[in-house]
Structures are given as structure tokens and as C-alpha cells.
2 protein chains.
Amino acid sequence: MRTQPAPAIILVRPQLGENIGAAARAMLNFGLTDLRLVAPRDGWPNPAAGPSASGADSVLKAARVYDTLADAAYDCALVLATTVRRRELTKPVMTPEAGMAAIQATAGQAAIVFGPERAGLESEDVALARAILTIPVNPDFGSLNLAQAVLVCAYEWSRGGTQVSTPQERNDPPAPQADLEGMIGQITDMLTARHYFFPEARATAMHRSLRGLLTQPGWSAQQVRTLRGVLTTLAKKPR
Amino acid sequence: MRTQPAPAIILVRPQLGENIGAAARAMLNFGLTDLRLVAPRDGWPNPAAGPSASGADSVLKAARVYDTLADAAYDCALVLATTVRRRELTKPVMTPEAGMAAIQATAGQAAIVFGPERAGLESEDVALARAILTIPVNPDFGSLNLAQAVLVCAYEWSRGGTQVSTPQERNDPPAPQADLEGMIGQITDMLTARHYFFPEARATAMHRSLRGLLTQPGWSAQQVRTLRGVLTTLAKKPR
């Protein structure tokens with residue numbers, strides 16, 4: 001259970017409405033809803049944002065606009081500034097994972113701050129943050145757009161929360177051993193009738209490897225029934 | 001140190017060149033370069049892909065085109081199919097994190113498969129995969145586009161690289177897809193000769209569930225050879 005609120009996403013001087021909409025869409029996919037805009041270039045609301053939000057209109061409608069980053073982060077106990085390049089500023093540099101852990105550990109509102117599309121955050125904006133969050137991209141090809149950077153952070157946030165769930169869920173559990181034994185018996189009988197387990201010296205090893213093969217999959221009861229139907233069919237003569 | 005190759009990204013019947021370009025860009029940001037296209041709607045190369053790749057041209061240039069998913073995954077020991085919805089198919093469902101762990105643990109080529117923009121993967125495509133990979137989005141707003149889904153997987157892959165854990169190596173890696181296809185073809189021929197795929201209305205579902213069954217285990221090349229020997233034996237008359 002989360003006790004603290006989900007982090008706010010603060011876009012500083014975003015240029016294109018399309019990118020604001022795409023950021024809102026990225027956010028809502030992973031349950032983030034608190035969008036704050038600092039001095040958007042084309043004003044707000046911006047009709048270009050709607051289409052690229054692809055239905056995340058609730059996030060756009062609830063977005064709040066501020067004059068400065070300090071205003072936008074007024075209630076935030078932890079502010080993380082995203083940058084591509086390392087700054088000369090003396091700040092801790094965190095991966096998204098470490099950043100989300102820091103947010104988790106903060107009692108109170110947190111914010112992740114993104115700069116304008118081309119230039120990124122100014123040093124003054126970064127100075128306001130507790131730490132720098134850098135997405136570790138390919139050193140030879142770092143080309144995340146604004147919404148993609150938001151997406152990675154939002155995903156990482158949601159990821160931290162969902163880790164409690166069991167990673168591998170199956171729709172149907174493996175068959176009980178008895179079912180499996182029945183099938184192994186059936187195929188063994190069929191193979192024996194066709195002198196498969198030969199020569200005698202190798203028979204034990206052959207039985208063992210066949211059993212290993214058929215035990216490995218973890219087939220469900222329904223799958224075992226299907227396979228037994230397959231075997232019954234194979235026992236017939238071809239027409 | 002990674003010993004296994006980075007996973008291939010397979011786009012099945014992608015519609016818009018823009019999305020192929022954006023997927024290539026998403027990949028290269030996190031160091032993935034092996035792009036495979038199955039029957040792209042508008043052919044290949046597609047001039048619409050270049051601009052949205054934003055410089056990831058090397059990925060587009062190296063992209064290979066195939067007629068079927070089975071062809072595209074011919075050398076893959078582990079195939080993960082991404083879907084939004086759960087399928088009725090009996091496959092393990094994994095988070096991206098669990099999926100990347102599975103890839104890490106596989107000695108050999110892995111692939112992550114993405115369906116067409118609107119419809120997603122067909123059941124037959126999913127049937128070919130070992131497991132389903134589902135990105136856990138907001139249940140009230142799941143709206144990732146193709147390139148965003150690729151981005152999350154590529155990010156998760158790159159993220160996994162910073163986990164110091166060494167992959168558990170199997171001394172017998174899963175067979176390449178082509179070996180598995182050969183075995184599935186053999187058993188399908190045998191069953192067809194015995195009128196197993198009947199009635200006609202159920203034949204497609206029967207093919208699919210059989211393929212699902214035989215893909216699930218992750219048998220090694222040696223195990224597949226053993227099974228093909230079993231099938232050859234079963235094709236004979238009992239004495």
C-alpha cells in the first residue's frame with residue numbers, strides 16, 4: 001500500500017501542445033494524474049494538446065499552470081530534475097529506479113521536473129531540485145522525446161508499486177501428477193509396442209529422458225487431456 | 001557481462017511506417033538493434049519510417065523482413081508475445097521485469113513480439129510464443145502506442161543490465177524456433193493423416209492449442225530430436 005501521493009509531473013516551458021498531450025497520455029497509462037505546467041510557450045489551455053492525449057483529457061483538464069518552477073513545486077518535499085547531460089552542479093545523480101525509491105521514501109509530495117523539448121532544463125531550474133534524475137540511454141544514441149522521458153519515469157514509478165504482485169501468473173495450474181503419470185503410461189505403452197526402448201542397455205535412460213521431457217512443461221490438466229487425445233489418434237492407422 | 005545477445009524486436013504486420021521508425025528510435029535509445037518485420041502493410045523499405053526514427057537509421061537499414069512470425073523467430077530460443085488483454089491461451093503471463101529476467105536466463109537469441117497497431121497480435125501469433133508479456137498499465141486507461149510499448153520493454157531490458165546478477169545458464173538451451181517448427185510440422189502431418197483436426201470448424205483452435213502445448217516446455221534441441229524419434233516410432237505399426 002502506498003501512503004504518499006503519486007509524484008507530480010512538472011513540465012518547464014514546454015513548447016508544443018502535442019508534447020504536453022502526449023506526456024499526459026504517458027502519465028495516465030501508469031496512474032499519474034498531477035500535471036503542472038510552468039510558463040508553457042503557447043499558453044494554456046492549448047487545443048493542440050487534446051488529440052495527442054488520446055483520451056487522457058482528465059489529466060489535461062486538471063493541469064495547473066505556474067509562472068516559475070518554484071511556484072509549481074510549492075508543496076513538494078522532494079523535487080527531482082531530469083537531465084540528459086550531467087550538470088556541473090553538485091547534485092546526486094540518480095537512475096529512474098533510485099529516483100522512485102527516493103520518492104517512495106519521502107513522506108509528502110514529490111515532483112519530477114522535465115525541461116523544454118530542445119534545450120532541457122536551465123541550470124537555475126536544476127538548482128532547485130534535490131537531485132538529478134538521468135535515464136541511462138545508449139551513450140551513442142540518446143534521443144528520448146519529452147513524452148518518452150515522462151513515460152519511462154511513470155513506468156518506473158508504477159513498477160515500484162506493482163512489485164508486490166506475483167510476476168508469473170498462470171491462467172491454469174499444472175496438472176496433478178496422477179494425470180501426468182497417466183499420459184506417460186499411455187505413451188510408454190505405445191512406444192513399447194513399437195520396440196522403442198531398445199537396446200535393453202539404454203532402455204532405462206530412454207525412459208528417464210522421456211519422463212524428463214514430459215514433466216518439464218508443467219502442462220495443465222486440460223493440456224494433458226488434449227495430449228492424450230493426440231496419442232489416441234496417433235495409435236490409429238493413417239487413412 | 002552479458003553473454004547472450006540482446007533480444008530481437010519483432011513487429012508483426014505493422015501498419016504505419018512512422019510507427020516502425022519510432023519503434024527503431026525507442027530501441028536504439030536502450031541499445032537494441034535487431035529489428036525484424038513480419039509482412040509490414042506498406043512494404044519495406046518505407047520512406048515514412050525515416051523521419052520518426054530521428055537518427056536511428058542504422059536500425060531501420062539492418063531490419064529484416066519475413067513472411068511469417070515463425071520465419072522471423074527462426075533462430076529464437078525464447079519468444080515473448082506482448083498483449084494488452086489476457087488471452088484464453090494457456091501461457092504464463094509475465095511483467096516486463098519477469099520477461100527480461102527470462103531473457104537473461106536464456107542462453108540463446110530471444111525475441112519480443114508486438115502486434116499491429118490497432119488489433120494487436122492474433123491468437124495464432126501468440127500461440128507461437130513461450131509466454132505472454134503484459135505491461136501493467138492503468139486498468140482504467142491503457143493506451144500505449146506501439147513505439148511506447150517497445151520503449152518500455154527496451155528500457156526494462158537495459159535496466160536489467162545494471163542488475164549485477166549473472167544469468168542462470170542452462171547447460172542445454174531451448175531449441176531454436178526452427179527445430180520446434182519441424183517437430184510441430186511432423187506431428188501435424190501425422191495427425192492430419194489420422195483425421196485428428198476434425199470437425200473443420202474446430203481445426204484452427206485445435207492447431208493453436210497443440211502449438212501452444214508444444215511451445216510451452218522450452219525443450220532443448222536434444223529433447224526435440226528425442227521427441228522426433230518418438231514420433232517416428234509412433235508412426236510405425238505396433239508389432
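**Cavities, pocket, interface and backbone**

Student: How do the residues of the lining of the second largest cavity divide into nonpolar, polar and charged?

Tutor: Ala, Val, Leu, Ile, Met, Phe, Trp, Tyr, Cys and Pro count as nonpolar, Asp, Glu, Lys and Arg as charged, and the others, Gly among them, as polar. On that basis, the lining of the second largest cavity has eleven nonpolar, three polar and one charged.

Student: Which pLDDT do local features need in this predicted model?

Tutor: Residues are numbered from 1 along each chain as its sequence is written, while chains are lettered from A and ligands numbered from 1 in the order in which they are written. Side-chain values use heavy atoms, with hydrogens and water left out, and in this predicted model totals for chains, interfaces and linings use all residues, side-chain atom pairs count only at pLDDT 80 or more, and local features need pLDDT of at least 70.

Student: Which element gives the largest share of the lining of the second largest cavity?

Tutor: A cavity is a set of points, on a 1 Å grid over the protein atoms alone, where a 1.4 Å probe fits but cannot get out; lining residues have an atom within 4 Å of a point. The second largest cavity holds about 90 Å³ of space, and of its 15 lining residues the closest to its centre are Ala77(B), Arg130(B), Ala175(B), Leu180(B) and Thr215(B). At least two residues of this lining come from each of β4 (76-82), α8 and α9 of chain B, where helices (H or I, at least four residues) and strands (E, at least two) are DSSP runs numbered from the N terminus. The largest share, four residues, comes from β4(B).

Student: What is the volume of the largest cavity?

Tutor: The whole structure has two cavities of 30 Å³ or more. A volume is the space filled by probe spheres set on the grid points, which are joined across faces, edges and corners. For the largest cavity this gives about 200 Å³.

Student: Which elements give two or more residues to the lining of the largest cavity?

Tutor: Of the 16 residues that line the largest cavity, 16 are nonpolar, with no polar and no charged residues. Ile187(A), Leu227(A), Ile187(B), Leu214(B) and Leu227(B) are the closest to the centre of the largest cavity. Both chains take part, and the elements are α8 (177-193) and α10 (221-234) of chain A, with α8 and α10 of chain B.

Student: Which elements give two or more residues to the lining of the largest pocket?

Tutor: A pocket is an open set of grid points with protein on both sides within 12 Å along at least five of seven lines. The largest pocket has a volume of about 780 Å³, and Val84(B), Glu117(B), Leu144(B), Asn145(B) and Leu146(B) are the closest to its centre of 28 lining residues. By class, the lining of the largest pocket has twelve nonpolar, eleven polar and five charged residues. The elements are α1 (17-29) of chain A and α7 of chain B.

Student: What area is buried between chain B and chain A?

Tutor: The size of an interface is often given as the accessible area lost when the parts come together. Here it is taken with a 1.4 Å probe and summed over both parts. Contact (heavy atoms within 4.5 Å) takes 64 residues from chain B and 61 residues from chain A. Carbon and sulfur atoms give 57% of the buried area, which is about 5,500 Å².

Student: Which three residues supply more of the area that chain B buries against chain A than any other three?

Tutor: Together, these residues supply 13% of the area that chain B buries against chain A. They are Phe141(B), Arg194(B) and Leu234(B).

Student: How many salt bridges are counted between chain B and chain A?

Tutor: A salt bridge is a side-chain nitrogen of Lys or Arg within 4 Å of a carboxyl oxygen of Asp or Glu. Arg159(B) and Glu156(A) meet this criterion at 2.8 Å, N to O. Over all chains, the structure holds 19 salt bridges. Between chain B and chain A, the count is four.

Student: How many residues apart are Arg13(B) and Asp125(B)?

Tutor: The side chains of Arg13(B) and Asp125(B) meet in a salt bridge of 2.9 Å, N to O. Arg13(B) lies in the loop between β1 (8-12) and α1 of chain B, and Asp125(B) in helix α6 (residues 123-127) of chain B. The pair thus links distant parts of the chain, with a separation of 112 residues.

Student: Where is Pro199(A) found?

Tutor: A cis peptide bond, with omega about 0°, joins Phe198(A) and Pro199(A). Pro199(A) is found in the loop between α8 and α9 (200-215) of chain A.

Key
Buried area is the accessible area (1.4 Å probe) that two parts lose on being put together, summed over both.
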